[in-house]
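Hello,

Here is the structure we talked about passing on to you. Please have a look at it, and then read on for what turned up.

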Amino acid sequence: MARAAGLPMAVAGALLLTLVALAAVAGPWLAPAHPDELSLAESLRPPGPGHPFGTDYFGRDVFSRVLYGARVSLAISLSAQLIALVVGVALGAAAGYFGGWVDGAVMRLVDVVMAFPDLLLAIGIAASLGPGVPSVLLALGLVGWPGLCRLVRGEVLALKERDFIDAARAIGAGDLWILRRHVLPNVAAPILIATTLGVGSRILQEASLSFLGLGVQPPAASWGSMVHHGLRWLSRAPWLVIFPGLAIAVAVLGSNLLGDGLRDILDPRLRD
Amino acid sequence: MLALALRRLAGSIPVLLAVSVVTFTLLYIVPGDPVTALVGDRASPETIANLRRELGLDLPVHERYLAWLKRALSGDLGRSWVTGRPVARSIVARVPVTARLALTAFLVSSVVGLGVGVYSASRHGRPADHVVRLTLLLAGAVPVFVAATVAMYVFGVRLRVLPVSGLGDGSLRHFILPGLVLGVYLSIFQARMTRSVMLEIIRQDYIRTARAKGLPERVVIWRHAFRNALVSVITLLGGSLSNLLVGSVLTETIFNLPGIGRFTVDAAYARDFPAVMGCFLFQSVVFVLANTLVDLGYALADPRVRLG
């Protein structure tokens with residue numbers, strides 16, 4: 001039954017993500033106006049024919065800004081998740097495979113990073129490096145890797161006792177070869193699931209940081225910073241908050257659906 | 001039991017030390033010179049040198065760290081670069097606001113989250129369960145700050161039934177909306193976790209026995225299944241703690257509540273390092289200790305851990 005539910009979920013998630021990716025890639029062709037084009041005569045127009053999502057205080061077209069925001073939000077979240085993926089998989093595989101002091105050191109590091117609530121750590125980094133894209137990337141990469149690291153370590157620990165690993169070693173394969181050709185391919189499914197779900201978390205975290213004013217800085221706009229600036233006009237122009245907010249929700253829902261769906265399809269152990 | 005408590009607390013000391021190192025590092029990795037950041041690069045070399053001495057920046061790193069740690073342990077977190085007031089006192093003054101918000105949210109989520117989770121599990125596979133799962137899936141994708149903004153618009157701006165922003169006279173009324181928003185946000189995670197814990201338990205033999213001997217379903221679910229689920233639910237509280245702290249930072253910022261979260265964000269925004277470090281250290285220590293307490297609670301609730 002769960003397998004039956006997994007496929008539609010994954011497809012729905014993939015569709016939502018495709019929609020977001022399309023907005024990010026084709027934004028410049030789809031947008032009716034340039035996202036930074038000012039038009040004070042059209043300040044705070046409600047959604048209507050000319051402006052499907054309305055306009056902000058400066059008369060900028062909110063629909064165009066949401067499309068461009070997809071580009072910023074998606075680029076940052078994907079890059080941050082890539083950092084988390086590389087660091088998490090490398091350290092997790094090393095810890096699980098080599099054990100001993102490598103394992104001890106890596107797991108202590110994981111404990112320390114996990115001793116902080118994720119957004120707090122990100123706020124601290126943004127405060128010390130100064131807000132902006134580089135510190136957001138660093139902050140989100142840093143909070144993202146420990147989860148993956150733990151997951152990969154656990155899987156590798158279980159795998160390395162298996163006979164085919166012994167067999168590979170018996171025919172003279174080196175550690176790196178075994179890790180790359182025999183261990184990691186067998187961990188690919190859980191990594192894929194965790195990465196997909198991780199992208200959703202990164203989108204949320206980037207939006208939260210930018211919402212707090214500590215992420216992407218103007219004139220660049222991500223969905224989170226649009227909500228941040230829209231809050232001032234809440235009573236007069238709620239569409240400034242609603243549409244970027246919806247965009248975040250669609251992107252996060254997409255990755256959650258795809259991740260959960262993939263889990264149902266790929267990993268029978270985790271079904272309920 | 002006391003020995004267990006002491007052992008767990010002692011076990012968190014290395015993590016706490018590591019937390020303090022990370023906090024200290026935050027200031028140390030600031031690009032450029034924090035002093036120039038503070039007084040601007042037009043200040044005279046004398047002023048800069050004096051301030052440097054005052055802040056202890058002329059000492060080697062490890063001495064600075066130890067001096068800072070020693071002062072922090074005695075409750076001195078330095079003075080804010082912006083207001084000049086002691087950071088520790090500012091934090092203490094803001095604790096009650098955050099505590100009240102967190103407590104309201106926690107109560108809401110305990111009732112709603114656990115209730116929905118148990119209900120959904122008891123209707124496993126039926127329409128009600130599907131509706132709950134779909135709702136949780138959709139709600140889980142909405143960032144808490146967007147939910148808070150929408151709630152503010154609906155109840156504060158449109159219906160005008162609740163205060164939108166600020167602490168006002170500090171009465172409980174001002175905590176209803178933020179507490180509800182944060183509580184419902186936490187409930188999403190708790191409901192999801194409670195549901196899966198309950199589903200696992202409902203499959204057990206003793207539940208089948210309870211049903212087979214003709215107990216009403218209500219008794220089976222609440223007295224037999226839920227009581228055993230509670231042990232696992234306690235560990236889930238650990239996961240909710242992070243959400244609670246992070247959620248309160250965002251909620252306080254939106255509703256303009258002068259709590260610790262809001263203080264942290266303002267300090268980060270102004271790059272007021274003593275305040276950032278103080279907030280950072282305080283919240284991380286609370287987080288680590290709370291997690292230790294949750295661990296302990298888990299040990300106490302489960303005889304296999306307590307006696308084993």
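**A helix pair in chain B**

The helices α1(B) and α13(B) cross in a right-handed way (a crossing is left-handed if the near helix is turned anticlockwise from the far one by less than a right angle, and right-handed if clockwise). The contact brings together B:L4, B:A5, B:R8 and B:L9 from α1(B) with B:T292, B:D295, B:L296 and B:A299 from α13(B); two residues are in contact if their C-beta atoms, placed from the backbone, lie within 7 Å. Sorted by class, five of the residues in this contact are nonpolar, one is polar and two are charged (Ala, Val, Leu, Ile, Met, Phe, Trp, Tyr, Cys and Pro count as nonpolar, Asp, Glu, Lys and Arg as charged, and the others, Gly among them, as polar).

Helix α1 covers residues 2-11 of chain B and helix α13 residues 273-301, and their axes come within 10 Å and cross at roughly 150°. Axes here are lines fitted to C-alpha atoms, for helices over the stretch in contact, with angles from 0 to 180 degrees between N-to-C directions. The two helices are therefore roughly antiparallel to each other (under 35 degrees is roughly parallel, over 145 roughly antiparallel, 65 to 115 roughly perpendicular, and the rest oblique).

**How to read the model**

This is a predicted model, in which local features need pLDDT of at least 70 and side-chain atom pairs count only at pLDDT 80 or more, while totals for chains, interfaces and linings use all residues. Residues are numbered from 1 along each chain as its sequence is written, and chains are lettered from A and ligands numbered from 1 in the order in which they are written.

**Two loop residues in chain B**

B:N256 sits in the loop between α11 (217-255) and α12 (260-270), and its phi is near 55°, a positive value in a residue other than glycine. B:R271, in the loop between α12 and α13, also is a non-glycine residue with positive phi, near 50°.

**Chain A overall**

Chain A has nine helices and zero strands (DSSP runs numbered from the N terminus: helices are H or I of at least four residues, strands E of at least two). Its C-alpha atoms fill a box of roughly 75 × 45 × 30 Å along the principal axes.

Best wishes
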